[in-house]
Amino acid sequence: MSFDFPTEVVKEGKVSVVVPKLEAFVKEPWEYAPSKAPVFYNPLMEFNRDIAVLALQAYQKMVKLEISVCEPLAGCGIRGMRFAKEVEGVRKVVVNDINPEAAKLAEFNVDRNKLAKLVMVVNGDANLLLAHYAAPRRRFNSIDIDPFGSPVPYMDSAIRAVRNGGLLALTATDLAPLSGVHPKACVRKYGGRPLRTEYCHELAVRLLAGCLVMMAAKHEIGVQIVFGYSTYNYARVYATTSYGAKQVDNSIQTMGYILHCFNCFHRETSKGLILTLKPKCSECGSKLSVAGPLWLGKLWNEEFCVLMQKLAEENGKELKNQKRILKLLSLIKDEIDASATYYVVDKICDKLNLSVPALAKTIETLRKAGFQATRTNFNSKAFRTNAPAKAVKEAVTKLSHS
Ligand SMILES: C[S@@+](CC[C@H](N)C(=O)[O-])C[C@H]1O[C@@H](n2cnc3c(N)ncnc32)[C@H](O)[C@@H]1O
Ligand SMILES: [Zn+2]
């Protein structure tokens with residue numbers, strides 16, 4: 001088959017895919033090539049897709065079922081095909097895109113990879129497709145929403161089309177609202193306030209997770225967050241669902257607010273959907289800023305992460321990003337139980353006019369003082385700790401002067 005635009009072949013994971021030749025579509029170096037091409041393809045999202053494959057493999061190992069998967073916003077079909085080829089126990093994948101050129105290219109790629117028996121390509125609107133699969137016994141075990149910008153327009157349909165106990169994956173590339181650059185847009189879309197703090201990317205993941213929880217609650221579906229991270233230009237959340245009012249109440253109980261003092265770095269959490277306190281900083285008395293409501297619970301399920309790590313070690317040789325993924329998973333394993341929010345050493349030193357001590361030394365000092373302290377996957381210059389902001393500043397100041 002020929003396409004009336006320049007194409008090239010790329011290999012990713014275990015599939016070999018025809019994609020638009022991106023350099024043919026940019027006239028200026030600053031232009032964003034994936035959205036200029038007639039079919040969307042972004043090579044920089046390979047890491048996102050590698051993790052998606054590992055997460056689905058881990059999920060399949062946990063449920064030990066034959067699974068059906070849907071990718072309603074598929075572009076050239078690369079992600080859905082990788083699910084079919086690289087995840088054991090996948091018996092059906094439905095990939096869909098509203099762009100006829102994308103569906104045509106995906107169909108071609110499915111044939112090229114001899115996946116026609118497993119992968120069905122649809123050309124239509126994602127919400128219409130998901131509505132078609134929202135009835136009992138038609139639902140998918142897993143749905144991966146990977147849109148342009150926000151996944152919110154597809155969230156409700158995805159919740160209705162995923163089975164009880166299923167896995168939902170959401171990418172949000174609209175980090176400007178989620179990380180507090182456009183707070184009003186975040187409130188409108190995600191129903192929670194962001195904050196432009198040093199840990200705004202963690203807040204982005206928590207706001208996305210919280211939005212999912214509240215949307216699923218309306219359908220009496222509880223949500224457990226099993227994996228979340230933010231890198232490059234997106235936030236990503238993986239969650240499992242469980243039907244029932246009690247499960248929903250449990251999820252909602254994990255919602256709340258993060259309160260932050262821009263004067264002294266103090267932060268605290270407030271559980272529940274209603275914030276009753278007039279927030280004042282308990283360390284310096286300044287007015288606290290509020291983020292939320294958002295997901296306050298753990299961002300990772302230990303069993304899920306351990307399985308992903310094992311799979312990345314054992315089967316990850318064909319993953320170009322194996323090393324980076326193992327690093328991410330190892331950081332996450334260490335921070336699963338740590339407190340919400342993190343401190344960025346440079347940010348503290350900027351404010352206090354100090355030279356920047358090594359991160360490892362800072363963590364060591366806090367541990368020696370009897371606090372928990374650990375690195376975080378969100379920022380290579382940051383750490384989580386249960387030490388109060390005052391103790392954190394004291395440790396950094398001491399190290400900086402030594
Ligand atoms: C970010 S791209 C998908 C990339 C793909 N998931 C991957 O991993 O390579 C988003 C896709 O959504 C498609 N799209 C936009 N609106 C849609 C809609 N309402 N229904 C279905 N597809 C849609 C676009 O044509 C585009 O291909
Ligand atoms: Zn304060």
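**Note on the zinc site and the ligand 1 site**

1. The zinc ion (ligand 2) has a tetrahedral site, with angles of 101 to 116° among its four donor atoms. For reference, the ideal angle for four tetrahedral donors is 109.5 degrees. The model is predicted, and these values, like those below, are computed from it.

2. The protein donors of the zinc ion are the SG atoms of Cys261, Cys264, Cys281 and Cys284. They lie 2.2 to 2.3 Å from the metal. Along the chain, the donors follow the spacing C-x2-C-x16-C-x2-C.

3. Ligand 1 sits in the largest pocket. It is surrounded by 20 residues, of which the closest are Glu71, Asp97, Asp125, Ala126 and Asp146. By class, the shell around ligand 1 divides into 10 nonpolar, four polar and six charged residues.

4. For Glu71, an N or O atom of the side chain is 2.6 Å from a nitrogen atom of ligand 1. For Asp146, a polar side-chain atom lies 2.7 Å from a nitrogen atom of the ligand. Both Glu71 and Asp146 are listed among the closest residues.

5. Arg79 contacts an oxygen atom of ligand 1: the distance from that oxygen to an N or O atom in the Arg79 side chain is 3.0 Å. As for the cover on the ligand, ligand 1 taken alone exposes 610 Å², and the protein buries 91% of that area.

Conventions: Residues are numbered from 1 along each chain as its sequence is written. Chains are lettered from A and ligands numbered from 1 in the order in which they are written. This is a predicted model: local features need pLDDT of at least 70, side-chain atom pairs count only at pLDDT 80 or more; totals for chains, interfaces and linings use all residues. Side-chain values use heavy atoms; hydrogens and water are left out. A residue is near a molecule or strand if one of its heavy atoms lies within 4 Å of it. A polar contact is a pair of N or O atoms within 3.5 Å; within protein, one must be able to donate a hydrogen and the other to accept it, and residues adjacent in sequence count only if both atoms are side-chain atoms. Accessible areas come from the Shrake-Rupley method with a 1.4 Å probe; for residues, only the protein chains shown count as cover. On a 1 Å grid over the protein atoms alone, a cavity is a set of points where a 1.4 Å probe fits but cannot get out, and a pocket is an open set with protein on both sides within 12 Å along at least five of seven lines; lining residues have an atom within 4 Å of a point. A molecule sits in a cavity or pocket if more than half of its atoms lie within 2 Å of its grid points. Ala, Val, Leu, Ile, Met, Phe, Trp, Tyr, Cys and Pro count as nonpolar, Asp, Glu, Lys and Arg as charged, and the others, Gly among them, as polar. Donors are N, O and S atoms within 2.8 Å of the metal (3.2 Å for Na, K and Ca); water is not among the atoms, so sites may look incomplete. Four donors count as tetrahedral if all angles lie between 85 and 135 degrees; four count as square planar and six as octahedral if opposite donors are over 155 degrees apart and all others between 65 and 115; anything else is irregular.
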